[in-house]
Each structure stands twice: as C-alpha cells, then as structure tokens.
Amino acid sequence: MVNQASTIQGGAHSPAPSPQLSHRNADNERLRGGSIRRAATVTPTVTAPAPSSDVIGDVVGNFGIWQLRTILIIFLCKIPAAWFMACIIFTAPELYPRTEFRCDTSYLNSSSSNSSSNYSVSDNQCYVLDETTNSRSECEQFEYVSSFDSLIMQFNLVCLRDIFIAWTQYWHLFGVLVGGVLGTKMMLGISPRSTYCVGAIAQIFCGVVTGYARDFSLHCAFRCLSAVCCAVMFTAGQAIFADITAGMHRIGAIILYDTFWSVGVILLPTLSSFFNSWSLIYVGITFPTVMLIVLLYWTPDSPRWLLRHASDRQDIDNVEQMVREGAEINDRSFKIPSDFRLQLELLSEKLKAQPAPAPWTQLWQGKRAKTHMVASHLALAFFVINFMGMLLNIRSFGRNYLVPNTIAMGFSEIIGCFLALHFTLKHNKWKWQCAGTFNILAGMLGCLGWLFTGADSMDADLKVSLWMIIATIPKAGVSCAQSMLLACMNELVPANKKQLFVFSVVTWARVWLLSAPFFNVLKKIDTALSLTSYCVFSILGGICTCLLLTPRSSTAPVVPQLEQQDKKEQSPLNAPVWTIESDVHNTRL
C-alpha cells in the first residue's frame, strides 16, 4: 500500500481520489498505525541470542568419541578400588574348627609340668580348659590344615575373626574418607590428571606392602593408605570427565561410574581363584594399576582447571592443543572459530574472576534448604553404609556360597545404576520419589528373612537362595539411590553452593560409613538381624530421598504486559518453559 500511494502521489497527472477511496485509505492508515504501535510494544521482548560463554563446550560438544574414550579409561580405576575394598571376603574366609584348624596345646606343656591330659579344648577350638583347676583360657597357638594361606592364619585371628575383620575394614573405609578429602584439596594446586597419576603410583607401592606386611597393625596402616590412593584416583578421575562432558551426558556418566565398581566385584572371585595366598591376592589386585598409568597417555587433563590456573601462554597453548585434538576426534574441527586462542584467553580470565563459593552456613538458607540439607545428608549416609556393609554381609550366608553370592551382588549393583539412569531420563521430575519408594519397598522385602531364619529343616541351597533374593533387591535399590544422589544432588541448591554442598554431603556420609563393618558382627546373634539392620537403613534412606524435590527455574524472557486486544497476537514461544539447572560441575569425593 505504501508503494502504491507513493506511485500515485508521484504521478504527473494523478486524478483526484474519490471520497470512497479517501475513506478506505484513512482506515488503512489507522490499521497501519496500530500495527506499528503493537510492534513497538513487543519489540523489547525479542532478545538476541547470548554469545557463547564457553568455547570449549561449543568446540568439542557435550559428548563424543573423545569423551567416551576418556570416560572408559577413567572408569577402569573403579575396578581396583572395588578389589581393595572387597578382597577381605576372599583373603580372610571362614575356617572350620577341627577340620581346618585346631588348638595346639604344646605351648602349655612346655610351660607347665602337668601332662597334656589335664587340658581339654572347647568344640570351637578357641578355649583351653584346665581340668585340674577348672579354669578356662584362650588358646594362643593353632595348627592349620588348609590349602589356602589366609589372612586369618597369618595373624592367628580364627577366634576373633569377625571383630578383627571389621577392624581392618574400618581402616580401609577411613582411608576412603581421608582420600576423598585429600584428593579434593590436592586439586586446588595440582591438576586432576597429575593427582590421578600420583594416586596410582602410590597405590602400587602401598598395595604391595599391604600384602607382605607381617604385623597386623602394619597391615591395617597400609590398607588404609591403599584406600587413600584409590579415593584420590577416582576423585580426580571424576573431576576430569565431569569437566569435558555436559548436560545429561555428564549426569549419565556420573550415575554409571559405579558400574565399573560392580564389574570389579564380579571379577574378584575369578581373580582370587588364581592364588593360594592372601599376599598374592594383594599383588594380583595391585599391579593392574600399572595399566592405568599407561592409559594416561590417552587421558586428557581438565581443560577448565588448566585455564583457571594458567600462569603463562604455554598453559593456554596446552589447552588449545588438547581441545583441538578432541574436536578432531569428535569430527567437530569445523566448530573451531577463527579467534579460538583469544576466546580461550577470555575464558581463562573469566574462570579466574569467578567469585568464591558460598560459606557452609548459607547452605541452610533458601526455599526448602533445611529440608534438603537434612534429608540429603541422612539419605546418603544410610545408603553408603548399606552399599558397603551389605556386600560384606554375604559372608553370613556361608563360605561355600561366596563366589555366586558375590557375583549376584555385583549384578544387582549394575541393575540399580541403570534404574537410576532410567528414573533420571524418563521420570526426571519425580526421580527422587521413584528411587525412595523403591528402597522402602525393597527394605520391607529384606526384613522377611525372619520368616525362615530358624527353619533348620529347610534345604541349605534353597535357604541361601532365599537369603540372596531378599538381599539383592535391597542392594539394587541402594545402588540406584546412591548413584542418583551422587549425580543429581547438586540440582537441589543454587550454582554458587553446589560444590560445597556435594563436599559436605559426601564427607558426612563417609564419616558414618566407618560404622558399616561392625553391623556385620550382628550375624553372631542371627543372620536375619544383620540383614534386617541394613534393610532398615534402606527404608530410612528411602523416606529421606522422597523428601527431596529438584527446584524448577524459568528460563523465559520477561514479557511486558500487553494490552487486552493484543493477546491473540502474543506468540506461544514466549510462554514460560520450566527446566532444571543440571549443566554444572559435580565433583564426587
């Protein structure tokens, strides 16, 4: 219409417009003016797309072959970590009195003039009865008849096996606690890849010494140091793959991190079968770490950590070379911008200028903050106690069933991890409630062991099968909830509180994890009692998990209030879209 009007007005001999045409033109001008006013009203809501804030993610992508290769290499460190934790199942198996060990009373004959006929030994071969004085003392010397040289035989722990196994396991878990904190603090000044390498090298040394220690206190000390090294490795490893992945790919990687732990549990019986000594088992679970050091050649460092701590141009050059290699492997070289080096320098400055994380007291401030703090701390504490303790509790079901029971537990853990992944991807809004409800129901099922614990006439194989059925289902539930908490609990707090929140929850849980080995001692009262204690933890942890709720945040631009007559022209693309803030770093201890 504007062009037509201009042509008419520009003509040399334009005829005079009719009254009807003049009236129509006036109406069109009014409509055009209204459209211009409406456009002026809506224009402020149209915003240009924000420039990319992270060139590394744009170039290499959220996930690709480069990230997959790195993840698989780092996941391997979970296998020796599982071996060092669960090897006590096979290095210290139960010995049967009279057939595999008996009390040797010869030491009494050398210190007494009485004949050996004045002494008798209890049925469990742990006590010596003096028939002359009717006194009882603990046996101090044993004879062993076994083809396997166990830890129990080395340190004469047959009569105090359960207590001392719990004690050595306590020191391993204490090492995991210290290693998580140490690894996190080391990465304040040492890159994650270097931290990982230090942990691997130290683990080889400490593992060998642990296996050949001939003093029980020295064995416990180096078992603790070996656990420290394992924790340093998988803490630094997660920092690497969490930095080079993003979005749901990062969450999925963290959830599935424990699947390789379960693979280690499944492989442990096979590995142990090749050795006839507990010392050789420690050597066997230690030296595969050498391969992890070799694989570091194909493992990148954390690029954002390097940029945050870059001190000269050489550090920027290393990151640029690393990211270019990742882009080439992922077939994304076309994503590298012409000013790539400049953008890396700007990103380095931005990372260095990031504000300090919020103090711990601020974690309690905000909507549902107190509920999330209490529920998440209690839930993870219940689940990690259950996760470790229930695996060791399979010794309660008999030595003859250790191999199949260990493998069954490993597979149940893998199933639990994939359930957590399913809940997160398909039921993200209510994933906490799904995992919590599953644990509540599974815990109730595990308490049914009291129905047949006293059935002595029941077939032994059938009874152990029932025990394992009611134990593996709660085990899968615990694995599901634990992996989900470790991967997604940072969603519960704002960005400036995430790192400290995760550190607080995991450290708190690992403090309580130290009590896990001692619950297995309850099997001396009844096998159902130790299993029930863990199932109660599953129920309590499930209740706490159900109290969690991921906050929703709106990412839609603010739209000014339009006039009533303009509602039909408001685009549905401006409607609020509710999303979850999940693209954040989540370093697991």
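Author: In this predicted model, the torsion about the S-S bond that joins Cys103 and Cys139 is about 100°, so this disulfide is right-handed. The sulfur atoms of Cys103 and Cys139 lie 2.0 Å apart, and a pair of cysteine sulfur atoms within 2.5 Å is taken as a disulfide. Cys103 belongs to strand β1 (residues 101-103), while Cys139 sits in the loop between β4 (135-138) and β5 (142-144); the pair therefore ties together parts that are 36 residues apart in sequence. Both Cys103 and Cys139 are buried.

The structure holds two disulfides, and the other one joins Cys126 and Cys159, with sulfur atoms 2.0 Å apart. The torsion about the S-S bond of Cys126 and Cys159 is -100°, and this link is left-handed. Cys126 is found in the loop between β2 (119-121) and β3 (127-130), and Cys159 in the loop between α8 (151-154) and α9 (161-186), so this pair ties together parts that are 33 residues apart in sequence. Cys126 has a relative accessible area of 10% and is therefore buried, because buried means under 20%. Cys159, at 30% relative accessibility, counts as partly exposed. When the bonded cysteines are counted along the chain, the disulfides follow the pattern 1-3, 2-4.

Cys447, by contrast, is in no disulfide; its nearest cysteine sulfur, that of Cys535, is 5.0 Å away. With a relative accessible area of 23%, Cys447 is partly exposed. For Cys480, the closest cysteine sulfur is in Cys417, at 8.4 Å, which is too far for a bond. Cys480 is buried, at 0% relative accessibility.

In soluble globular proteins, nonpolar side chains tend to be buried together. The largest nonpolar core here has 122 residues, of which Ile89, Ile285, Leu380 and Met489 touch the most other members. Helix α19 (residues 369-392) supplies the largest share of this core, 14 residues. Leaving aside residues up to four places away in sequence, Ile89 touches Leu391, Leu392, Ile394, Arg395, Leu402 and Thr406. There is also a second, separate core of 20 residues, which includes Val55, Ile56, Ala310 and Leu351.

Helix α4 (residues 65-75) packs against helix α17 (residues 313-329) at an angle of about 110°, and their axes are 7 Å apart. Since angles of 65 to 115 degrees count as roughly perpendicular, α4 and α17 are roughly perpendicular to each other. On the side of α4, the contact is made by Ile65, Trp66 and Arg69; on the side of α17, by Met322, Glu325, Gly326 and Ile329. Four of the residues in this contact of α4 with α17 are nonpolar, one is polar and two are charged.

Most residues other than glycine have a negative phi, and most peptide bonds are trans. Arg98 has a positive phi, near 75°. Arg98 lies in the loop between α6 (88-91) and β1, and at 55% relative accessibility it counts as exposed. Arg368 also has a positive phi, near 60°. Arg368 is located in the loop between α18 (340-352) and α19, and its relative accessibility of 35% makes it partly exposed.

Definitions and conventions
Residues are numbered from 1 along each chain as its sequence is written. This is a predicted model: local features need pLDDT of at least 70, side-chain atom pairs count only at pLDDT 80 or more; totals for chains, interfaces and linings use all residues. Side-chain values use heavy atoms; hydrogens and water are left out. Helices (H or I, at least four residues) and strands (E, at least two) are DSSP runs, numbered from the N terminus. Buried means under 20% relative accessible area, exposed over 50%, partly exposed in between (1.4 Å probe, protein chains only). Axes are lines fitted to C-alpha atoms, for helices over the stretch in contact, and angles run from 0 to 180 degrees between N-to-C directions. Angles under 35 degrees count as roughly parallel, over 145 as roughly antiparallel, 65 to 115 as roughly perpendicular and the rest as oblique. Contact means heavy atoms within 4.5 Å. Ala, Val, Leu, Ile, Met, Phe, Trp, Tyr, Cys and Pro count as nonpolar, Asp, Glu, Lys and Arg as charged, and the others, Gly among them, as polar. A nonpolar core is a set of buried Ala, Val, Leu, Ile, Met, Phe, Trp, Tyr and Cys residues joined through side-chain atoms within 4.5 Å.
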